[in-house]
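Thanks for coming. I have a few minutes on one structure, so please look at the sequence and the model first.

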Amino acid sequence: MSASLPARSPRLPARAWALLLVLCGTIFLEGIDVAMLAVAVPSIRSDLDLSTGTAAWVMSAYVLGYAGFTLLGGRAADLLGRRRMFLGWLTVFLLFSGLGGFAQEGWMLITARFVTGVAAAFMTPAAMSIITTSYEEGPQRNQALLVFAGTAAGGFSLGLVIGGLLTQLGWRWVFFAPVLLAAGILLAALRLIPKEARPGKAAGGFDLAGALTAAGAMLLLAFGIVRLEHGLDGWPLTVLVAAGGLVLAGVFVAVERRATAPLVRLGLLRKATTVRADLGALLFVGSFFGFQFVATLYLQELRGWSSLETALALVVMGVDAVLAPTLTPRLVARYGNARVILGGFVLAIVSYALFLPVGPDWSYAAMFPTLLLTGLAFALAYGPLTIAATDGIAEEEQGLASGLLTTATQFGSAVGISAVTAVYGIAGGGLDGFRAALVVPVAMVAIGAAVTATGVRTGRAAEAAKAAQGPAGWEAQDAAPGAATKVTVS
């Protein structure tokens, strides 16, 4: 793309910053959209007289649409054009968010949320791949991705507060406000995102069979994960859906092996650094959303705090929006991605563990260390995971790499929320249920730390091997294509 930048200086020109802000606006839009709805669901349920199951589907429909189509959305950006996918699906997001605000029945709201989730599944990987193909690999791309990651977290944190305020005016504003923001982003994007050469047809044509089996597998697996919220109730259906998803996933792999132009080049799934980063993102994001969900229930259901009071209490976790683009780049430059990510996981373990003995009348001062450390851990881990998941990937597969990462984070959020909900129910609810559910995020980040530690060991082994070669080894690496801008990944 014509916005490619020189690699020697991490400082970005004014137009490059403008483009980055537009793309960050998209992930901010997604963050506040989800967070505001989470706060508004009780009001929506009361106003439209929705059943508990229908109200739950208002949230789950978005997750299904997002998780089910993100892999396809990422590859579509590569094959059909990143700018085209970004602008087109941002428009769909805008329209159906607005339609949700006019809903009079539960099914209308669920439909609008599902389509909005599908739009995000195509829009977000396109935005991320525009970043990874517009900014040279190395310090500039790292800085751009860290700003992108910080904006995502900031959108979610601010969305909790904004959602609480807008819900006081009327829950429909939770849908109308993103329309206004999306319209502004769309107008700026039309001007700032460079036009691309028209994508050529892939050899062998579009992999329709791969697209259908991938979407089907992702939808069924996502639905199976959402079903975990019911615990042991209706477990045969949960098992059947999950088994169907696994079968379709197997069919997808078989199709891709035989396809002339596969939707997903399976070799990418054998790249250890990419797989490690995606798995780490799944576990870290899942733990974060699981903890946030439990903390929200604790404050609102057990303590009786209002939605606005809860949002203001949790907003301190948004400290990562400031630290991710300022502190994290310096740490990555000094210690490398793998060590910074591991530090984030370790900090998260400490953070969530501090909340395990939560009492029925804890003061905010007692909760504050966990909330602050959670935001700091997110700042350390999420951005570098994004860098690691897309580093060293060919430009023509950046959309796919972004789609894989986004798929991992969406499945992570679904797993985290569903798992804590299931454990809470099995433990009988109440304070004991909250304490039991809090074990889930601790376990997820502990596993993530173990996975990330393998990346640290691999990175140290590579450094030792290079050092053993002496100056000739260093010179050979520096002479390799792209070596000047490569970053050690986890």
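Tyr298 and Phe434 are both buried, where buried means under 20% relative accessible area, exposed means over 50%, and partly exposed is in between, with a 1.4 Å probe and protein chains only. This is a predicted model, in which local features need pLDDT of at least 70 and side-chain atom pairs count only at pLDDT 80 or more, while totals for chains, interfaces and linings use all residues. Residues are numbered from 1 along each chain as its sequence is written, and side-chain values use heavy atoms, with hydrogens and water left out.

Now the overall picture. The chain has 18 helices and zero strands; these are DSSP runs, H or I with at least four residues for helices and E with at least two for strands, numbered from the N terminus. Of the 490 residues in the chain, 56% are buried. The chain exposes about 19800 Å², and carbon and sulfur atoms supply 67% of that area, computed by the Shrake-Rupley method with a 1.4 Å probe, where for residues only the protein chains shown count as cover. A contact means heavy atoms within 4.5 Å. Among contacts between residues at least 6 apart in sequence, 84% join residues at least 24 apart.

Next, helix α9. It has 31 residues and reaches 43 Å from its first C-alpha to its last, close to the 45 Å expected at 1.5 Å a residue; the expected span is 1.5 Å times one less than the number of residues. Because 23 of its 31 residues are buried, α9 is largely enclosed by the rest of the structure. Leaving aside residues up to four places away in sequence, Gln292 touches Phe156, Leu160, Leu314 and Met317. Just after α9, Gly304 takes a positive phi of about 80 degrees.

On to the aromatic rings. Rings of Phe, Tyr and Trp (its six-membered ring) pair if their centres lie within 6.5 Å; planes under 30 degrees apart count as stacked, over 60 as edge-to-face and the rest as tilted. By this rule there are 18 aromatic pairs. In one of them, the rings of Phe284 and Phe345 have centres 5.3 Å apart and planes at 85 degrees, so the pair is edge-to-face. Phe284 is in helix α9 (residues 272-302) and Phe345 in helix α13 (residues 337-354), so this pair ties together parts 61 residues apart in sequence. Phe284 is buried at 1% relative accessible area, and Phe345 is buried at 0%.

What about Tyr298 and Phe434? Their ring centres are 6.0 Å apart and their planes are at 85 degrees, so this pair is edge-to-face. The pair links distant parts of the chain, with Tyr298 in helix α9 and Phe434 in helix α16 (residues 430-437), 136 residues apart. Both belong to a cluster linked by ring pairs, which also includes Phe291, Tyr352, Phe355, Trp362 and Tyr424.

Last, an exposed residue. Asp49 sits in the loop between α1 (14-48) and α2 (52-80). Is Asp49 buried or exposed? At 69% relative accessibility, Asp49 counts as exposed. Asp49 has a positive phi of about 55 degrees although it is not a glycine. Most residues other than glycine have a negative phi.
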